[in-house]
Amino acid sequence: MNTYVKHAAAALAVSAAILASVNPAAADATFPDKCKGDMPMSGMPMGGEMPMGSQQMPMGGQGSNSGQGPMANLTDYQQASMEAMMSMNQQMMQGMMKDDPDVSFICGLIAHHLGAIDMAKVELEHGDNEEAKATAQKVIDDQTKEVERLTEWVGKEVKE
């Protein structure tokens, strides 16, 4: 297994652990089952650090609800944004593990659009600027339609 796949699988496992600790229901909201990775994720390392750009995000198994860990000092909107991002990243990595490049692309795109929808919902809940909120609503409306279209493609094209 090449290094990139190992790192992606490890990042997926870490993201899943973090996400489960902060919002267990968010992990698979509307992500199609047929988009979940073909590669087994069991046995991947769960500890250590998660790369965050040029910084490292120490994991340590602490969730945001414990008052400790990487999300302890975030505002409500920052925490909601991070949860949306982690869910999107987990789903995108699952999609990228598909054996077929077309399916991998479409599944990754679905996850990306779901992430945009979740980010827009955070803006609607916490934002104050009417133009930003209108943009968020447009993202929700447009991306929801696109997710439905792409999910139909997955249902039609992906064989189990």
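1. Of this protein's 160 residues, 36% count as buried (under 20% relative accessible area with a 1.4 Å probe, protein chains only). The protein exposes about 9,300 Å², and carbon and sulfur atoms supply 53% of that (Shrake-Rupley method, 1.4 Å probe).

2. Bear in mind that this is a predicted model, where local features need pLDDT of at least 70, side-chain atom pairs count only at pLDDT 80 or more, and totals for chains, interfaces and linings use all residues. Residues are numbered from 1 along each chain as its sequence is written, and side-chain values use heavy atoms, with hydrogens and water left out.

3. On confidence, the mean pLDDT (the predictor's confidence in each residue, from 0 to 100) is 74, and 61% of the residues reach 70 or more. Residues 8-29 stay under 50, with 50 contacts beyond four places in sequence (contact means heavy atoms within 4.5 Å). Residues 42-66 are also below 50. Where pLDDT is low, the predicted coordinates should not be read in detail.

4. As for the layout, there are 4 helices and 2 strands, running α-β-β-α-α-α from the N terminus on (DSSP runs: helices are H or I, at least four residues; strands are E, at least two).

5. Now the helix pair: the axes of α2 (residues 76-96) and α3 (residues 101-126) come within 8 Å and cross at roughly 170 degrees (lines fitted to C-alpha atoms over the stretch in contact; angles run from 0 to 180 degrees between N-to-C directions). That makes α2 roughly antiparallel to α3 (angles over 145 degrees).

Conventions
Buried < 20%, exposed > 50% of the residue type's maximum accessible area, 1.4 Å probe, protein only. Parallel < 35°, antiparallel > 145°, perpendicular 65-115°, else oblique.
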